[in-house]
Amino acid sequence: MENAIAINEEKVMENPNPSKKHKMKFTTRRSIEALIFLVIILGFFSFLAYKMTLPKMLNTFMQTAYHLLLETVFYIMAICVLMGAIGKLLTEFGVVRLLENILRPFMKPLYNLPGVAALGAVMTFLSDNPAIITLSKDQNFSRYFKKYQLVSLTNFGTAFGMGLVVLAFMTALGFAKGALIGIVGAIIGSIVSTRLMQFFTLKSFPELDAPISEESGDEEVISFKTEGSIFMRFLNAILDGGKDGVNIGLAIIPGVLVISTLVMMMTFGPSGESGNYMGVAYEGVPIITWLADKINFVFDWLFGFKSPELISFPITALGAVGAALGLVPRFISSGIIDHNAIAVFTAMGMCWSGFLSTHTAMLDSLGYRQLIGKAIGAHTIGGLAAGIAAHWIYVLICLI
């Protein structure tokens, strides 16, 4: 928002007295935009109302959101609180530091990143995507990077966002095997995304092949401060971590209630025995299912999806992985999910983790807005690679 205000202020400074013609052109453009939006939104809901009848469509819309809030959002929030507390404990008592040291040797050969980047992977896995931005703005951390490497942290960190929550959620549903395979797929996707981002960046802006800082130092200086008694550190860690979990849980509510509700209403059909609409939760007009069914042989080969409805998970994960998780219980109750689907969901859910809604802000905060398109393109490919890898790893394990 601040950047948008700044841009508008720059335009005003450049043209403090816009002409009447300019004002009319701007007004016309906004009017056309409003008309197009109205046609699309009214057309969409009119189509649903025509198929379901208006009262049943509205009731289904509200009932689905209500059921998602009670049955899914609060469940995910509880997991976020618990995982937030555990993550904070791991940080406070040096486990994150230990993991960083173990993973450090893999950063250069796999990601072409300095060893301290392992800290970013662990922190985003334990929390969410924005954690990587907090680290990248720390000069004690960023000085080990070249400019193009620092930019690629956006893709690198996003690929592990909310990983612990996704893993815990899938495991709690009884799909630990598929979830662990999905973690491997997400790692493969992160490598593809990060390397592609570095390639695209250097190809377009070779001048970014320069260090952030001329200073050199020992990477071991990246550490965590510990103060107070063990009991107080333990108590503060679980309380602070739990509070962070609540914030994450609250942040996913709009995505789950709005995005998941709309996706479900375009994925599942009527629930009546004779194909009639009842106006209850989780009904809709299966537009996504109908479209996916036309090319389901592609999704079957790439991801092992036997039901076209399953494609709605990765589509939703593009905007919010929390919203995508809200679809899983419904898939389970419909009997269309297995360990392979969970592996693909975990891989793509982690790797994408709502990157369309975060990449723009993340790169803008780093000062490289011109690279947003390249970051989104690279991460789209990385997420697809994650899902494909998870599926074929699962097939290979089953053959063995």
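User: In which crossing, left-handed or right-handed, does α4 pass α5?

Analyst: A crossing is left-handed if the near helix is turned anticlockwise from the far one by less than a right angle, and right-handed if clockwise. Here α4 passes α5 in a right-handed crossing. As to the source, this is a predicted model, in which local features need pLDDT of at least 70, side-chain atom pairs count only at pLDDT 80 or more, and totals for chains, interfaces and linings use all residues. Residues are numbered from 1 along each chain as its sequence is written, and side-chain values use heavy atoms, with hydrogens and water left out.

User: At roughly what angle do the axes of α4 and α5 cross?

Analyst: Two packed helices are described by the angle between their axes and the distance between the axes. Axes are lines fitted to C-alpha atoms, for helices over the stretch in contact, with angles from 0 to 180 degrees between N-to-C directions. Helices are DSSP runs (H or I, at least four residues), numbered from the N terminus. The axes of α4 (residues 95–111) and α5 (residues 117–126) cross at roughly 125° and come within 7 Å. The two helices are therefore oblique to each other; angles under 35 degrees count as roughly parallel, over 145 as roughly antiparallel, 65 to 115 as roughly perpendicular and the rest as oblique.

User: How do the residues of the contact of α3 with α9 divide by class?

Analyst: The axes of α3 (residues 54–92) and α9 (residues 163–172) come within 10 Å and cross at roughly 120°, which makes α3 oblique to α9. The contact includes Y75 and I76 of α3 and L164 and V165 of α9. Its residues divide into 10 nonpolar, no polar and no charged.

User: Is T154 buried or exposed?

Analyst: Buried means under 20% relative accessible area, exposed over 50%, and partly exposed in between (1.4 Å probe, protein chains only). T154, in helix α8 (residues 147–158), has a relative accessible area of 1% and is therefore buried. Leaving aside neighbours within four places in sequence, T154 is in contact with H359, M362, L363 and L366.

Technical notes. Contact = heavy atoms within 4.5 Å. Nonpolar A, V, L, I, M, F, W, Y, C, P; charged D, E, K, R; others polar.
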